[in-house]
Amino acid sequence: LKHPLSFIMLDLDHFKHYNDTHGHPQGDELLRGLAKIFSSAARADIDLVARYGGEEFCLLLPETKKENARKIAERIRRRVMSASFPGEEQQPLGKVTVSVGVAAMPEDARTADKLIARADAALYKAKNAGRNRVCVA
């Protein structure tokens with residue numbers, strides 16, 4: 001691989017609690033609001049922002065080294081923390097927050113599957129360390 005490629009995986013902390021407390025329509029509205037924050041951190045026509053499943057999202061960042069991806073991930077995490085969402089005070093952390101994992105090619109993986117797995121492992125490290133943080137592969 002001649003060009004760097006970074007992958008960010010984001011997971012909404014305690015989303016089940018939010019849905020159970022406020023209902024699925026408001027949970028869907030929250031996901032749409034988060035998607036706007038994630039997209040605002042991406043470069044138009046270069047980066048890819050996608051819903052990965054459930055309350056997980058990912059960003060694919062071509063031509064981006066891991067350290068820059070970590071900075072982008074941290075910026076997103078801070079933007080989510082500073083945003084206001086209806087009913088967030090009832091969340092376990094008192095705010096809507098995200099946990100984030102970052103991995104990059106070629107240093108962390110040589111295949112797409114490995115890249116995703118490394119970012120996912122970093123995401124779970126963030127969750128296990130108390131949530132609302134960025135961890136890097």
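Cysteines. I looked up the sulfur of Cys 58: the closest cysteine sulfur, in Cys 135, is 18 Å away, too far for a bond. A disulfide here is a pair of cysteine sulfur atoms within 2.5 Å. My search of the whole structure returned zero disulfides. Cys 135 is accordingly in none. Next I checked burial, where buried means under 20% relative accessible area, exposed over 50% and partly exposed in between, with a 1.4 Å probe and protein chains only. Cys 58 is buried at 9%. Cys 135 is buried too, at 11%.

Ground rules. This is a predicted model, in which local features need pLDDT of at least 70 and side-chain atom pairs count only at pLDDT 80 or more, while totals for chains, interfaces and linings use all residues. Residues are numbered from 1 along each chain as its sequence is written, and side-chain values use heavy atoms, without hydrogens and water.

Sheet. Helices (H or I, at least four residues) and strands (E, at least two) are DSSP runs numbered from the N terminus. Strands pair if DSSP finds at least two bridges between them. I read off an open, mixed sheet of five strands in the order β2-β3-β1-β4-β5. Both β2 and β5 (134–136) are edge strands with a single partner, so one side of each has no neighbour in the sheet. β2 and β3 (56–62) are antiparallel, with five bridges. Leu 48 stands opposite Leu 60 of β3. Helix α3 (66–82) packs on the sheet and touches β1, β3, β4 (98–105) and β5. Contact means heavy atoms within 4.5 Å. The direction of α3 makes about 165° with that of β4.

Helix α1. Which residues of α1 (15–22) are buried? I listed Phe 15, Tyr 18, Asn 19 and His 22. They lie on the same side of α1, because they cover an arc of only 95° around the axis, taken from the directions from the helix axis to the C-beta atoms. These buried residues pack against β1 (5–12) and α2 (24–40). Lys 16 and Asp 20 are exposed on the face turned away from the buried side. Just after α1, Gly 23 has a positive phi of about 90°.

Loop. I found Asp 45 between α2 and β2 (48–53). Asp 45 is exposed, at 85% relative accessible area.

Methods. Axes are lines fitted to C-alpha atoms, for helices over the stretch in contact, and angles run from 0 to 180 degrees between N-to-C directions.
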